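I opened this entry to look up cavities, nonpolar cores and aromatic pairs. My notes follow in the order in which I checked them.

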Amino acid sequence: MKKIIVLILLSIAIKGNSQNSKSIFGKDPIINLENWQKKRLYFGFFLGFNNYDFKIDYKTVGPDIQVDKSGGFNVGLVTNFRLQEYLDLRFEPGLYYSDRTLHYPPNAAFDSRSDAIREVNSTYINFPLLLKFSALRTGNVRPYLLGGVSANLNLSSNAKSIDDNLEERFRVKTWTTNYELGIGIDIFSEYFIFSPSIRGQFGISDELIRDKDPNSPWTGNIESMKSRAILINFTFH
């Protein structure tokens, strides 16, 4: 399904122009939206996919917790403010859904097999502030680099719950911070800009809320737990 969506988006972007030498990727293309990059402010939206993971550091050496990842989806808005010819400031608030499952190593404290499994469903509202470094435009194509910081509001955190893992309640913090790095390309079609990008999101702050018992088999040996992700977005301006 994901491959079909990607193919549809790419087809819309290039709009069949590859049939002649004046196409977007031709030798002598017609320059589309020639003055667009001179705009001080413009907007857009994005759709995409994500793959979230956890980076877990431990207090003592032992068997690691295994993290099963599943793909999620992204949707959001883009505000682009031009600082100079090759530098833009971008704000890209979006909704990011992900699902991860933690498989704990065998422990005598677990009463059943289900005790060794914890599901972490996350619904993030991501607030990234990014700098976009663009290369020189060649025809209707302009590659770029992205970098910046972001804050995640986790709507599924259970941070206010008084229950912990003894009551099968795995808790993470409501707010976390990250840094983000990525690459992308602006493709100028006749009516809009199609901009696929890929970037990594790396957690800065510890996300885990510890159980009340300091020796908890679920949280006692964890020094820090930070989210990290690969984000693939298809942006339209």
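**Phenylalanine 170 and the cores**

I began with phenylalanine 170, which touches Leu102, Tyr104, Arg118, Val120, Ser157, Asn158, Asn165, Leu208 and Met225, leaving out residues up to four places away in sequence. Contact here means heavy atoms within 4.5 Å.

I note that this is a predicted model, in which local features need pLDDT of at least 70 and side-chain atom pairs count only at pLDDT 80 or more, while totals for chains, interfaces and linings use all residues. Residues are numbered from 1 along each chain as its sequence is written, and side-chain values use heavy atoms, with hydrogens and water left out.

Next I looked up the largest nonpolar core, which has 15 residues. A nonpolar core is a set of buried Ala, Val, Leu, Ile, Met, Phe, Trp, Tyr and Cys residues joined through side-chain atoms within 4.5 Å. Buried means under 20% relative accessible area, exposed over 50%, and partly exposed in between, with a 1.4 Å probe and protein chains only. The residues with the most contacts inside this core are Phe54, Ile56, Leu102, Tyr104, Phe170, Ile222 and Met225. Strand 1 (41-58) and strand 9 (222-236) are the elements that give two or more residues to this core. Strands are DSSP runs (E, at least two residues), numbered from the N terminus.

Apart from this core lies another of seven residues, among them Phe46, Tyr96, Ala229 and Leu231.

**Aromatic pairs**

I then counted ring pairs and got twelve aromatic pairs. Rings of Phe, Tyr and Trp (its six-membered ring) pair if their centres lie within 6.5 Å; planes under 30 degrees apart count as stacked, over 60 as edge-to-face and the rest as tilted.

Phenylalanine 45 and phenylalanine 236 are stacked, at 5.4 Å centre to centre and 20° between the planes. Phenylalanine 45 is in strand 1 and phenylalanine 236 in strand 9, 191 residues apart, and the pair links these distant parts of the chain.

Tyrosine 179 lies in strand 7 and phenylalanine 202 in strand 8, so the pair ties together parts 23 residues apart in sequence. Tyrosine 179 is partly exposed at 38% relative accessible area, and phenylalanine 202 is partly exposed at 32%.

One aromatic cluster is formed by Phe45, Phe49, Phe192, Phe194, Phe234 and Phe236.

**Cavities**

Last, I found two cavities of 30 Å³ or more. A cavity is a set of points on a 1 Å grid over the protein atoms alone where a 1.4 Å probe fits but cannot get out, and lining residues have an atom within 4 Å of a point. A volume is the space filled by probe spheres set on the points.

The largest cavity holds about 110 Å³. It is lined by 15 residues, and the closest to its centre are Gln37, Tyr42, Asp88, Lys132 and Arg142. Strand 2 gives the most to this lining, with three residues.

The second largest cavity has a volume of about 30 Å³. Its lining is Arg90, Glu92, Tyr144, Leu146, Ser195, Ser197, Arg199 and Thr235. Strand 8 gives the most to that lining, with three residues.

Note on methods:
1 Å grid on protein atoms, 1.4 Å probe; cavity = no way out; pocket = protein on both sides within 12 Å on 5 of 7 lines; lining within 4 Å. Helix = DSSP H or I, 4+ residues; strand = E, 2+ residues; numbered from the N terminus.
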